[in-house]
Amino acid sequence: MNGGFRGERIGFVRTSEPLPKLRDGEHYLNPHISFDGKYWYLSFAYDNHIIPPRTQKNGVSVGVDLGVKELAVCHGTDGTDTTMRNINKTRKARNLERRLRRQQRKAARQRAHNIDHYQTITGKRRQTRPQTGVDTTIGGMP
């Protein structure tokens with residue numbers, strides 16, 4: 001079965017890419033087929049059986065402190081300290097966020113202008129109702 005899989009109820013389904021090879025007796029777990037209006041998607045799970053590599057223990061331990069000002073501060077028992085910067089606090093990130101807010105306000109104003117312009121052209125602007133029961137004549141004379 002190159003380039004697809006065999007489902008229980010639907011039979012053989014061809015895929016654009018070959019699926020991972022499974023060992024004898026293994027099968028895909030929890031397959032799910034979805035359609036987004038244009039493309040079909042297949043998702044599934046399977047056991048990987050990869051054995052992680054063994055690491056040498058050298059007696060050094062590491063403590064990690066997660067924070068707000070700094071993303072993480074790593075303290076090693078051998079005296080090493082490493083600080084990971086929070087990329088959301090940089091000047092570039094602040095400038096990008098400011099630019100995004102400005103562009104979103106601009107787009108909102110353009111949408112509002114387009115809606116008003118469309119309503120003016122088509123005459124679909126909501127009319128205000130005249131007030132009933134109010135005498136608009138001067139001195140009761142028509």
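**Strands, a surface patch and an aromatic pair**

From the N terminus on, the chain runs β-β-β-β-β-β-β-α, in a model that is predicted.

User: How many helices and strands is that in the chain?
Analyst: One helix and seven strands.

User: How much of the chain counts as buried?
Analyst: Of its 142 residues, 8% count as buried.

User: Which residues make the nonpolar surface patch?
Analyst: Ile10, Ile33, Phe35 and Trp40 make it, and the patch covers about 470 Å².

User: Where does Phe35 lie?
Analyst: Phe35 is in strand S3, which spans residues 29-35.

User: Is Phe35 buried, exposed or partly exposed, and why?
Analyst: Phe35 counts as partly exposed because its relative accessible area is 45%, and that class lies between the 20% and 50% cut-offs.

User: Switching to aromatics: how many aromatic pairs does the structure hold?
Analyst: Two. One of them is formed by Phe44 and Tyr46, with 6.1 Å centre to centre and 40° between the planes, a tilted arrangement.

User: Why tilted?
Analyst: Because planes under 30 degrees apart count as stacked and those over 60 as edge-to-face, the rest being tilted; the Phe44 and Tyr46 planes are at 40°.

User: What is the relative accessible area of Phe44? And of Tyr46?
Analyst: Phe44 has 25% and is partly exposed. Tyr46, at 34%, is also partly exposed.

User: Last topic, contacts between residues at least 6 apart in sequence: what share joins residues at least 24 apart?
Analyst: In this chain, 8% of those contacts do.

Methods
Residues are numbered from 1 along each chain as its sequence is written. This is a predicted model: local features need pLDDT of at least 70, side-chain atom pairs count only at pLDDT 80 or more; totals for chains, interfaces and linings use all residues. Side-chain values use heavy atoms; hydrogens and water are left out. Patches are made of residues with over 30% relative accessible area and no salt bridge: like charges are joined within 9 Å, nonpolar side chains (Val, Leu, Ile, Met, Phe, Trp, Tyr) within 5 Å. Accessible areas come from the Shrake-Rupley method with a 1.4 Å probe; for residues, only the protein chains shown count as cover. A salt bridge is a side-chain nitrogen of Lys or Arg within 4 Å of a carboxyl oxygen of Asp or Glu. Helices (H or I, at least four residues) and strands (E, at least two) are DSSP runs, numbered from the N terminus. Buried means under 20% relative accessible area, exposed over 50%, partly exposed in between (1.4 Å probe, protein chains only). Rings of Phe, Tyr and Trp (its six-membered ring) pair if their centres lie within 6.5 Å; planes under 30 degrees apart count as stacked, over 60 as edge-to-face and the rest as tilted. Contact means heavy atoms within 4.5 Å.
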